[in-house]
Amino acid sequence: MNKKGILNNTISSIVSYGILLIVSIVSSKLILVTYGSEANGLLSSVNQLFSYIALLEAGIGTATVTALYRPIADADSTSIKEVLASSNHYYRISAKWYFICMLIVAAVWPLLLETEISYIAIFGIIFFQGVSGVITYWYTSTVVNYLMASGKNYINNYVHLASSLLTYGLKIIICLTQQDIIFMALALVVVNCLKCLIYYVYLKWSCPEYAYIGITGSKKELKQRNSFLIHEISGVVFSSTDTIILSVFCGLKEASVYAVYALVLNALRMIIGQAFNSTNFILGNSYSKDQKNYPLTHDKYNGVYTCVVFIVFTIAYWMILPFIGIYTQGVTDANYLDPKLPILFVLIEVLSACRIVDGQLIKNAYHSKQTLSHSIIEAAINLVVSLVAVQFLGIYGVLLGTIVALLYRVNDIIFYANTKILKRSPLREYGMYALNFALFTVCVCVSRYIPIAVNTYLQWIGYAVGIGIVVSVVFVVANFIFLRCMLRAKY
């Protein structure tokens, strides 16, 4: 992939998700104001439930992308066809089970909640959102994975941008006209049908040579598919347990408080994540072609990625509480302004980022099977600590459960990737993370002496730009010096 293609992937990711961040904030505010905290908490908990149902994908996506790196690099069309045919076969099996599980969840979940929202409304929301997922598995998932592996993720980004804008537009119209909340889930079905049409037209006119994507043919077991499944279960427990536990033990209003903080931070994570997804094929191709020189590529990529993540979330820590204050003006059915929550949420984001690049190396090196027990331990720590701590600490308890699990898993991944795959000491990476955590800690301490009082979004943007410039300069200069010193080390 040339530099132009990489630039297209990266810019399309940042622009599309930046736009979606703004639109999602607007639509979520309208939902919160129009339907109240209970409805907002319900929609958030349903989204998390579908993260669990999506485990029926059974690692197909990760296995497909990883299996495609080598044949795409070698221009081996026969192997590409076999991988895609297998992917399509497994996705359609998963779609059938997805539909069955969705019906069970739709019937049971409303019974577990103490809410004034009717059983029929909750059932309908889950049902229509489930139908939307079935359409995705059946028609578009294989295409998305192929484009990602071939370095054309910018196509996925533009399709996602268009479909998401349409979805949010429909949600805004539904809120403004005060229609039943069930229509929001129905809108997803309509938009996903249009998304299928977009991919069909694109493949027909731009990639006719890959028309076999939608067919069944020679099917081979996708390498380490089941191993990837266990890792994905761990990932879902890590990212999707909190809201579900809060909904059951603390109520939908507390889940709504969590969802409002997570809204902004998740959107920022998605922007960074899409930029990563648009460029991580560099790591896959580099490892497949030249393992001897791969460590240099790994360290450069990891250094830049880590610096960007810490800049973004340091600014987020500084600015999120003033933003929540403006965002929830007029909402009085729950307490959204809690000065303890920003540090817990941001710690989760930066700790999560510390394992991303090394985690990708474990996938590319097909070491997922060897690290299965590590993922299981992480999931168990998160679940057990969250379930116990929520009884005494409420929302703080579920956040602490995630942090404790991350402290174990981040160190485990860094140590494993460096010692078992790269065959070197992990100290250089620990040094890089120590530097960034030290800078983050300094910024947190300084923020205590610079209170931010804003009443409008324009004032908030002014503060965010000023703080963002200072924070960016500090992190970039420090990381540049450290990376230069690290790269001079013998490889």
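Buried means under 20% relative accessible area, exposed over 50%, and partly exposed in between (1.4 Å probe, protein chains only). Helices here are DSSP runs of H or I with at least four residues, numbered from the N terminus.

A quick word on the model: it is predicted, so local features need pLDDT of at least 70 and side-chain atom pairs count only at pLDDT 80 or more, while totals for chains, interfaces and linings use all residues. Residues are numbered from 1 along each chain as its sequence is written, and side-chain values use heavy atoms, with hydrogens and water left out.

**Exercise 1.** Work out which residues of α16 are buried and where they sit around the helix.

*Solution.* Start with the buried set: Arg 428, Glu 429, Met 432, Tyr 433, Asn 436, Leu 439, Phe 440, Cys 443, Val 444 and Ser 447. Now look down the axis of α16: these buried residues fall within an arc of 160° (taken from the directions from the helix axis to the C-beta atoms), so they line one face. Finally, check the other side, where Leu 427 and Val 442 are exposed.

**Exercise 2.** Find where Lys 423 sits and describe its phi.

*Solution.* Next, look at its backbone: phi is positive, about 55°, although Lys 423 is not a glycine. For background, most residues other than glycine have a negative phi. Last, Lys 423 counts as exposed, at 64% relative accessibility.

**Exercise 3.** Do likewise for Gln 178.

*Solution.* Gln 178 lies in the loop between α6 (153-176) and α7 (182-206). Its phi is positive too, about 55°, and Gln 178 is not a glycine. With a relative accessible area of 63%, Gln 178 is exposed.

Definitions and conventions:
Helix = DSSP H or I, 4+ residues; strand = E, 2+ residues; numbered from the N terminus.
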